[in-house]
Amino acid sequence: MDKKDLRQFIRMQKGQFTTAQLEAFSLPIIKRLLAHPRIKQAQVILMYYSLDDEVNTHEVINELAAQGKTVLLPAVVDDTRMELREYHGKQDLESGFFHLMEPVGKVFTQYDNIDVAVVPGMAFDSRHNRLGRGKGYYDRFLSQIPAVYKIGICFDFQKLPGIPAEENDIKMNEVL
């Protein structure tokens, strides 16, 4: 399958479940994420504010911020770029570029300070390749911070034996 077909396949897989079921599937993943040594030690964490069909990160974001960690969320700037903004609470969110909830807080540019990036994906494989939604935002951004430890998170049905990978596709260090 090519990337387009794989995205369609995963969308069909996700469509078999209700939002409530996906939230229930999210709980053990988020529990593992919170217990992860890299997350526990990190002071600055790049997260994402999940869509309804992704591993639900809403509460973990609030919990990490409450622990005093600097939580960064991406905001889409235009058709090719995203920037990071600090998150302090739900008051920092509003509907953004693709009608996604995005942060409106202070822009964060000290990329060398990011300890861990938690990254969504349509699918991941055993070699830690990531299949995104097809716009390349994360691959372009993550290429700017190659030393950052990258954790992909997904549901079990999003783990595939293999994903077509290209030179510009950024691999994860691990996948939960």
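**Pocket, sheets and aromatic contacts in the predicted model**

The largest pocket holds about 690 Å³ of space. Among the 33 residues that line this pocket, Arg 130, Arg 133, Lys 135, Tyr 137 and Tyr 138 are the closest to its centre. The structure described here is a predicted model. Several elements contribute to the pocket lining: H1, S2, strand S5 (101–103), S9 and helix H5 (137–142) each supply at least two residues. The largest share comes from H5, which gives four residues.

One cavity of 30 Å³ or more is present in the structure, and the largest cavity has a volume of about 40 Å³. Its lining includes Lys 14, Tyr 48, Asp 53, Glu 54 and Val 55. Pro 120, Gly 121, Ile 153, Cys 154, Phe 155 and Gln 158 are also part of that lining.

A pair of aromatic rings is described by the distance of the centres and the angle of the planes. Five aromatic pairs are counted in the model. In one of them, the rings of Phe 17 and Phe 157 have centres 5.2 Å apart and planes at 20°, so this pair is stacked. Phe 17 belongs to the loop between helix H1 (3–15) and H2, whereas Phe 157 belongs to the loop between strand S10 (149–152) and S11, so their contact ties together parts that are 140 residues apart in sequence. Phe 17 counts as partly exposed, at 26% relative accessibility, while Phe 157 is buried, with a relative accessible area of 16%.

The rings of Phe 25 and Phe 155 have centres 6.3 Å apart and planes at 70°, so they form an edge-to-face pair. Phe 25 lies in helix H2 and Phe 155 in the loop between S10 and S11, so this pair ties together parts that are 130 residues apart in sequence. Phe 25 is partly exposed, with a relative accessible area of 34%, and Phe 155 counts as buried at 1% relative accessibility. Ring pairs link Phe 17, Phe 25, Phe 155 and Phe 157 into a cluster.

The strands come next. Strands of a sheet pair through backbone hydrogen bonds, either parallel or antiparallel. Strand S7 (residues 116–119) has partners in both S1 and S10. S1 and S7 pair in the parallel sense over two bridges, with Ala 117 in S7 as the bridge partner of Leu 46. S7 and S10 also run parallel, joined by four bridges, and Gly 152 in S10 is the bridge partner of Val 119. In a regular strand the side chains alternate between the two faces of the sheet. Both faces of S7 are covered: Val 116 and Val 118 are buried on one side, and Ala 117 and Val 119 are buried on the other.

An open sheet of three strands has the order S9-S8-S11, with mixed pairing. Strand S9 (130–131) and strand S11 (159–160) stand at the edges with a single partner strand each, so one side of each is left without a neighbour in the sheet. Strand S8 (residues 123–125) pairs with S11 in the parallel sense over two bridges, and Lys 159 in S11 is the bridge partner of Phe 124.

The loop between S8 and S9 contains His 128. Most residues other than glycine have a negative phi. His 128, by contrast, has a positive phi near 70°. His 128 counts as partly exposed, at 27% relative accessibility.

Gly 68 follows H4 and has a positive phi, near 90°.

Definitions and conventions. Residues are numbered from 1 along each chain as its sequence is written. This is a predicted model: local features need pLDDT of at least 70, side-chain atom pairs count only at pLDDT 80 or more; totals for chains, interfaces and linings use all residues. Side-chain values use heavy atoms; hydrogens and water are left out. Two strands pair if DSSP finds at least two bridges between them. Rings of Phe, Tyr and Trp (its six-membered ring) pair if their centres lie within 6.5 Å; planes under 30 degrees apart count as stacked, over 60 as edge-to-face and the rest as tilted. Buried means under 20% relative accessible area, exposed over 50%, partly exposed in between (1.4 Å probe, protein chains only). On a 1 Å grid over the protein atoms alone, a cavity is a set of points where a 1.4 Å probe fits but cannot get out, and a pocket is an open set with protein on both sides within 12 Å along at least five of seven lines; lining residues have an atom within 4 Å of a point. Grid points are joined across faces, edges and corners, and a volume is the space filled by probe spheres set on the points.
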